[in-house]
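Visitor: I would like a close look at one part of this model, taken with its surroundings. Please keep the account plain and go through it in order.

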Amino acid sequence: MTQKELLEAAGVSSGGNGKRYLEELEQSGFIRKFTSFGKRKRDAQYQLIDCFTLFHLNFLEGESNPDEHYWQHSVNSPRVNA
C-alpha cells in the first residue's frame, strides 16, 4: 500500500503525525518501505513484515474455518508453509 492508502485506511491525517507513525513502524521492524524502479520517492510502497502480525491477521483474525482439524489438513499447504 502507498502512504496515502495506509493513512486513509487507518483514519489518520496525512500531516506530521501520520508520517511519523509510519516512520516509527518502519524503525520498529513492523513494516518496510520500498520504491519500485522508475517510481518517485513519494510513490513508495509499504509492506507488513512482522511475522506475528502476519500470522494473527491471516490465521487468527482472518476468515473463520469450520474445519476443527484445519492444522492437520493444511500441514504442507503453500499458505501454511509461507
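Guide: The expected span of a helix is 1.5 Å times one less than its number of residues. In this predicted model, that rule can be applied to helix α2, which has 13 residues. From its first C-alpha to its last, α2 reaches 18 Å, close to the 18 Å expected at 1.5 Å a residue. Just after α2 comes Gly29, with a positive phi of about 90°.

The partner of α2 to consider here is helix α1. Helix α1 covers residues 3-10 and α2 covers residues 16-28; the two pack at an angle of about 105°, and their axes are 11 Å apart. That angle makes α1 roughly perpendicular to α2, because angles of 65 to 115 degrees are counted in that class. On the α1 side the contact is made by Gln3, Leu6 and Leu7, and on the α2 side by Gly18, Lys19 and Leu22. Sorted by class, the contact of α1 with α2 has 3 nonpolar, 2 polar and 1 charged residues. As a general point, an α-helix has 3.6 residues a turn, so residues three or four places apart point the same way.

Leaving aside residues up to four places away in sequence, Ala44 touches Met1, Thr2, Gln3, Lys33, Phe34 and Thr35. Its relative accessible area is 3%, and Ala44 therefore counts as buried, the cut-off being under 20%.

The chain as a whole gives the setting. Its secondary structure comes to 5 helices and 2 strands, and from the N terminus on the elements run α-α-β-β-α-α-α. The C-alpha atoms fill a box of roughly 45 × 30 × 20 Å along the principal axes. The radius of gyration is 16 Å, whereas a compact globule of 82 residues would have one near 12 Å. Buried residues make up 11% of the 82 residues, and Ala44 is one of the buried residues. Among contacts with a separation of 6 or more, 16% are between residues 24 or more positions apart.

Key:
Residues are numbered from 1 along each chain as its sequence is written. This is a predicted model: local features need pLDDT of at least 70, side-chain atom pairs count only at pLDDT 80 or more; totals for chains, interfaces and linings use all residues. Side-chain values use heavy atoms; hydrogens and water are left out. Axes are lines fitted to C-alpha atoms, for helices over the stretch in contact, and angles run from 0 to 180 degrees between N-to-C directions. Helices (H or I, at least four residues) and strands (E, at least two) are DSSP runs, numbered from the N terminus. Angles under 35 degrees count as roughly parallel, over 145 as roughly antiparallel, 65 to 115 as roughly perpendicular and the rest as oblique. Contact means heavy atoms within 4.5 Å. Ala, Val, Leu, Ile, Met, Phe, Trp, Tyr, Cys and Pro count as nonpolar, Asp, Glu, Lys and Arg as charged, and the others, Gly among them, as polar. The radius of gyration is taken over C-alpha atoms; the globule rule is 2.2 Å times the number of residues to the power 0.38. Buried means under 20% relative accessible area, exposed over 50%, partly exposed in between (1.4 Å probe, protein chains only).
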